[in-house]
Amino acid sequence: MAKYSTGGSSGSGGGDSCELCGTSSESLTEANVAGAQLQVCSDCASSHNDNQQTKSDGDEERDRKRKAAQNAAKASGVYDGDSRHWEEEGTNYDDDPLPYLVSNYGDVVEQARQDEGLQRDELAEELDAAENDLLAVEQGRANQANVGGTLIEALEDRLDVQLAEE
């Protein structure tokens, strides 16, 4: 086929030349280049096939975004594969807002709990709080875990620490 032609034989037979770069090739591929269907070599097909790039770029972008969202959820501790906690009755965060917390509040809580000789589950039971919420506070992610202000107040009272900024 002649270079840049859009007609003629449609097969990819031996001895034909790429309609983009002119390279002789035994195996040409049909590619959509700027709206024209051309017979191109494998090099040009991988870099100039509009249909192929749009599909693979879109799929790659979608996969990348999905994986990033999954990783962010796992890193924040929100994802544990169990959605029951969303269905249970819990804190109404409009009525029980989380106060502004001191910068090292997680370390303060963990150290004070250990100084009292308490395990996390024991303190959670004593305060009638979810152990996961207490863990979130100790890890410094109370906001991401939607911990209510009443738990922060209870921890301040029980452990005699200051967690909320004044």
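Here is a short chat about reading a few features of this predicted model.

Colleague: Let's start with the packing. Which residues have the most contacts inside the largest nonpolar core?

Modeller: The general idea is to look for buried nonpolar residues joined through side-chain atoms. Here the largest such core has 19 residues, and those with the most contacts inside it are Y105, V109, V137, V147, L155, L159 and L163. Two or more residues each come from α4 (105-115), α5 (120-126), α6 and α7. The largest share, four residues, is from α7.

Colleague: And what does Y105 touch, leaving aside neighbours within four places in sequence?

Modeller: Y105 is in contact with V137, G140, R141, A142, N143 and L163. Apart from that core there is another, of ten residues, including L28, L38, C44 and A45.

Colleague: Next, backbone angles. Which value of phi does N146 have, and where does N146 lie?

Modeller: Watch for positive phi in a residue other than glycine: N146 is such a case, with phi near 55°. N146 sits in the loop between α6 (131-138) and α7 (149-159). Phi of D160 is also positive, near 55°, and D160 is found in the segment after α7.

Colleague: Is D160 buried or exposed?

Modeller: The cut-off for exposed is over 50% relative accessible area. D160 has 71% relative accessibility, so D160 counts as exposed. N146, at 33%, counts as partly exposed.

Colleague: Last one: what does UniProt place at residues 113-140?

Modeller: The unreviewed UniProt entry gives a "coiled-coil region" there. In the model, residues 113-140 are 64% helix and 0% strand, with the end C-alpha atoms 15 Å apart.

Key: Residues numbered from 1 in each chain as written. Predicted model: local features only at pLDDT ≥ 70, side-chain atom pairs only at ≥ 80, totals over all residues. Heavy atoms only, no water. UniProt positions renumbered as here; feature names shortened; annotations may be inferred. Buried < 20%, exposed > 50% of the residue type's maximum accessible area, 1.4 Å probe, protein only. Core = buried A, V, L, I, M, F, W, Y, C linked by side-chain atoms within 4.5 Å. Contact = heavy atoms within 4.5 Å.
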